[in-house]
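Look at the chain before reading on.

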Amino acid sequence: MISLSAATRVFIVTGSTDMRKSFNGLYGIVVHQLQQDPTSGHVFVFCNRTRTRIKLLLWDGSGLWVCAKRLERGKFGWDWPEGDNSRVISHEALSLLLGGIDLKE
């Protein structure tokens, strides 16, 4: 698992993202849509329309990481409206989400 400091925030993009995007495409979403700095050390989470694939973009101090996960069955779950650009979630919520547990408010 990725180790995160207490100061690291986890931003989840609530809308769908084209999973063909990699470093530059996801970097652009963080800068233009979320108005955040991708090299801040925070984690940015993206999901496809069907919520079966998820990508994380994070800066480790020397470069960017893009991590991906594809579920074989089920989907990543949360119940936030897509009108929000992003939500900040806890490190624990990220672990639950990556483990396949639905995030409900």
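The radius of gyration is taken over C-alpha atoms, and the globule rule is 2.2 Å times the number of residues to the power 0.38. This is a predicted model: local features need pLDDT of at least 70, side-chain atom pairs count only at pLDDT 80 or more, and totals for chains, interfaces and linings use all residues. Residues are numbered from 1 along each chain as its sequence is written, and side-chain values use heavy atoms, with hydrogens and water left out.

Q: What radius of gyration does the chain have?
A: The chain has 105 residues. A compact globule of that length would come out near 13 Å. The chain agrees with this, at 13 Å.

Q: Which pattern does the chain follow along the sequence?
A: Helices (H or I, at least four residues) and strands (E, at least two) are DSSP runs, numbered from the N terminus. The chain has two helices and five strands. Read in order, they give β-α-β-β-β-β-α.

Q: How many residues apart in sequence are the parts that the pair ties together?
A: Phenylalanine 11 lies in strand β1 (residues 10–16). Phenylalanine 44 lies in strand β2 (residues 43–47). The pair therefore ties together parts separated in sequence by 33 residues.
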